[in-house]
Amino acid sequence: MSFLGRIHKALVYGAGPKDPAPVRIGILGCANIAPMACIGPMSHLPGGTAHAVAARDVQRARAFAAKHRIPVVHASYDQLLADPDVDAVFIPLPNGLHHVWAIKAIEHGKHVLCEKPLTDTAEQARAIQAALQAHAHAHPDRPLVFAEAFHYKMHPATHFVLDVVRGSVDGWQLGRIESVDTLFSLPNAATPDSDIRLNFALGGGATMDAGSYAVSMSRLIAQTAAGTADLDASTPIVESAHMRPWDKDPKIDMAMEAKLVYPSGIRSTVSSAFRAGIISFKAELAIVAEHGKLTFSNFIAPFAFHSVELAKKDGTRLSKKVYGDEGQTTYYYQMRAFLNAIRNDPASAASSPVSLTTIVDSIINMQTIDSIYRAAGFPLRP
Ligand SMILES: NC(=O)C1=CN([C@@H]2O[C@H](COP(=O)(O)OP(=O)(O)OC[C@H]3O[C@@H](n4cnc5c(N)ncnc54)[C@H](OP(=O)(O)O)[C@@H]3O)[C@@H](O)[C@H]2O)C=CC1
Ligand SMILES: O=C1OC[C@@H](O)[C@H](O)[C@H]1O
């Protein structure tokens, strides 16, 4: 599928038929990311529907619902959670509000897809885990699906890179991995002064935003290289971290570079930055290994464009692009996996070789972010 075809799929809603009883999703807040991450993907998926939205201001929710053809409007997030017709919620609130609303959603028996980073701290992530455990104990017959929205890992291009790391792609053998470097930087315009990403009380900071992906991708590679499901393999030690504070609020990191080391000995530099330049949207993975160096450019939004390249030590250069037959977005694959998990559909669940992010994985990601802030001499978000 062409570049324009993929962009069309990303931006234009589908209008295909729905299954007789689609999963009904409620959206907490009229967030900028909701159309791309939830409503659009849902429009292409027969198994789910964007059923309801709530906002702090009901007029805003009404306008949003009309624009995105969402049938039900609620005047508050609490009201949406109390709606028995809502099966699952998408939480695209500012980071600092994720844990409160995730826990309330679980207590109302809703499945949850929560934006990244899951919480402000590992402690808050563990409180979500406790709420999930309490729900599972009280309602063993109604298991909940809960996932942090690390959409990048659901795309076929990422799956290709993971297959290379596993050593299962002919001609692309890496041998022993020495280091894994990840970088996600955003252009100047992405974070105006008023943006939630620069608001300490709401969980702002480059490490929270772009850095949460850089940490997650670094850990995903370390986990895959270890060839085990044991998440200790992707629990790094943070050796050092250096940051550039925002001049208007020194508690906000505008850039962070952290050095990690995994139990396998793999070293990792994890970098993130806001206001990195006029057009500097960069999402880069670099793996240095025994037989060469692999790079994956634009690992965050590979559906738009990306490249995977291997420069071998013998001088050979390989290059690959993997858009998948459907040419769909990372968000589509994520939503499909979320709906399949809710519907407990083993056949279609098997269609994603990478599983949704588990709560234990999210806790380790937040522990790593906590450790990076501590190593840089920064306070944890409130
Ligand atoms: N997966 C991805 O690619 C992306 C993920 N994200 C994540 O999604 C989340 C939202 O980001 P984004 O869509 O850019 O954010 P927005 O600022 O566009 O939306 C946040 C929403 O939160 C609600 N809200 C509730 N309380 C507050 C408050 N005190 N201040 C501001 N907003 C509040 C508002 O909803 P209302 O007023 O309507 O109730 C608002 O629409 C973040 O966690 C971010 O990290 C963001 C961008 C991309
Ligand atoms: O999740 C995200 O991905 C894309 C970025 O532009 C954004 O800041 C971030 O929140």
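## Annotated spans

According to UniProt, in an unreviewed entry, residues 169-293 carry the annotation "domain: GFO/IDH/MocA-like oxidoreductase". In this predicted model, the span 169-293 is 14% helix and 39% strand.

For residues 23-135 the composition is 47% helix and 21% strand. Here the end C-alpha atoms lie 20 Å apart.

## Domain assignment and the contact between domains

The domain assignment of the protein chain gives two entries: domain 1, residues 3-148, and domain 2, which consists of 155-326 + 358-375. A distance of 26 Å separates the C-alpha centres of domain 1 and domain 2. Domain 1 supplies 21 residues to the contact, and domain 2 supplies 19 residues.

On the side of domain 1 that touches domain 2, the elements giving two or more residues are helix H1 (3-11), helix H5 (95-107), helix H6 (122-138) and strand E6 (146-148). Helix H6 provides the largest share of this side, with six residues. Sorted by class, the side of domain 1 that touches domain 2 has eleven nonpolar, five polar and five charged residues.

## Packing of H7 against H8

Two packed helices are described by the angle between their axes and the distance between the axes. For helix H7 (residues 156-166) and H8, the axes come within 8 Å and cross at roughly 40 degrees.

From H7, the residues that make the contact are Leu 162, Val 165 and Arg 166, while H8 contributes Ile 221, Thr 224 and Ala 225. The classes represented in the contact of H7 with H8 are four nonpolar, one polar and one charged.

## Packing of H8 against H11

Helix H8 (residues 210-226) also has a crossing with helix H11 (residues 359-375), where the axes come within 10 Å and the angle is roughly 120 degrees. Angles over 145 degrees count as roughly antiparallel and those of 65 to 115 as roughly perpendicular; H8 and H11 are therefore oblique to each other. The handedness of the crossing of H8 and H11 is right-handed.

On H8, the residues meeting H11 are Gly 211, Ser 212, Val 215, Ser 216 and Arg 219. Their counterparts in H11 are Ile 364, Asn 365, Thr 368 and Ile 369. By class, the residues of the contact of H8 with H11 are three nonpolar, five polar and one charged.

## Backbone features in two loops

Most residues other than glycine have a negative phi, and most peptide bonds are trans. Against this background, the peptide bond joining Lys 116 and Pro 117 is cis, with omega about -15 degrees. Pro 117 is located in the loop between strand E5 (111-114) and H6, and H6 is the helix that gives six residues to the side of domain 1 that touches domain 2.

Arg 275, a residue other than glycine, has a positive phi, near 50 degrees. The position of Arg 275 is in the loop between strand E10 (267-273) and strand E11 (282-289).

How values were computed: Residues numbered from 1 in each chain as written. Chains lettered and ligands numbered in written order. Predicted model: local features only at pLDDT ≥ 70, side-chain atom pairs only at ≥ 80, totals over all residues. Axes fitted to C-alpha atoms, helices over the stretch in contact; angles between N-to-C directions. Helix = DSSP H or I, 4+ residues; strand = E, 2+ residues; numbered from the N terminus. Parallel < 35°, antiparallel > 145°, perpendicular 65-115°, else oblique. Left-handed = near helix turned anticlockwise from the far one by under 90°. Contact = placed C-beta atoms within 7 Å. Nonpolar A, V, L, I, M, F, W, Y, C, P; charged D, E, K, R; others polar. UniProt positions renumbered as here; feature names shortened; annotations may be inferred. Domains from an automatic or database assignment.
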